[in-house]
Amino acid sequence: SFHVTGVQTCALPIFVSNAVHVEKIDRAPVKVTDSTLTVTEALHANKVVNLSRAAGIAVTLPKAHGLGDKYTFMLDTTITSNTTTIKVEGGSGDLMAGRSIASSDNGTTTNNVWLTQSNTNTITLNGGTTSGYVGDTIEITDLAEGLWVVNCFLKETGTEATPFSHS
């Protein structure tokens, strides 16, 4: 039996047996405050990416190759001007498929479920009708060549609208 507790990172490879090789594990969240972010597998795959800019961030995903990597984006700052966008790599032809479940602030228990369309390649959060609040979470998985699966858990205000579009 092999147990490791209280360890978040390990600088050296660990060999448990001839059958198992565990390399450096770094799951620390990545905080982003710049106006743009080009997502990479090496820096962002299977980690939480904290989007921390009230003026919004333009996020560009890498090409989807079906690697199974998951990218989790969480807002830790409410968007107060501009927008935060998450887009596929320009010219890649990649598409997004999935849903957004959004709670409404209109005092009712009504929630919105928005589905992607056949040509969706962009998610836009505007700090209001299409979301952009502290705690909003977008999970994006590289499922297949050219296909990102998205699941969004959001809060919307005013006359709510889908965060999904083609641009």
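Is Asp76 buried, exposed or partly exposed, and what is its relative accessible area? Asp76 is partly exposed, at a relative accessible area of 31%, where buried means under 20% relative accessible area, exposed over 50%, and partly exposed in between (1.4 Å probe, protein chains only).

## Basis of the model

This is a predicted model, in which local features need pLDDT of at least 70 and side-chain atom pairs count only at pLDDT 80 or more, whereas totals for chains, interfaces and linings use all residues. Residues are numbered from 1 along each chain as its sequence is written, and side-chain values use heavy atoms, with hydrogens and water left out.

## Asp76 and Lys31

Four salt bridges are counted, a salt bridge being a side-chain nitrogen of Lys or Arg within 4 Å of a carboxyl oxygen of Asp or Glu. One of them joins the side chains of Asp76 and Lys31 (3.1 Å, N to O). Asp76 lies in the loop between β7 (70–75) and β8 (84–87) and Lys31 in strand β3 (residues 30–32), so the pair ties together parts that are 45 residues apart in sequence; strands (E, at least two residues) are DSSP runs, numbered from the N terminus. Lys31 is exposed, with a relative accessible area of 55%.

## Lys70 and Glu139

A salt bridge also links the side chains of Lys70 and Glu139 (3.9 Å, N to O). Because Lys70 belongs to strand β7 and Glu139 to strand β12 (residues 137–144), this pair ties together parts that are 69 residues apart in sequence. Lys70 is partly exposed at 33% relative accessibility, and Glu139 is partly exposed with a relative accessible area of 22%.

Note on methods
Helix = DSSP H or I, 4+ residues; strand = E, 2+ residues; numbered from the N terminus.
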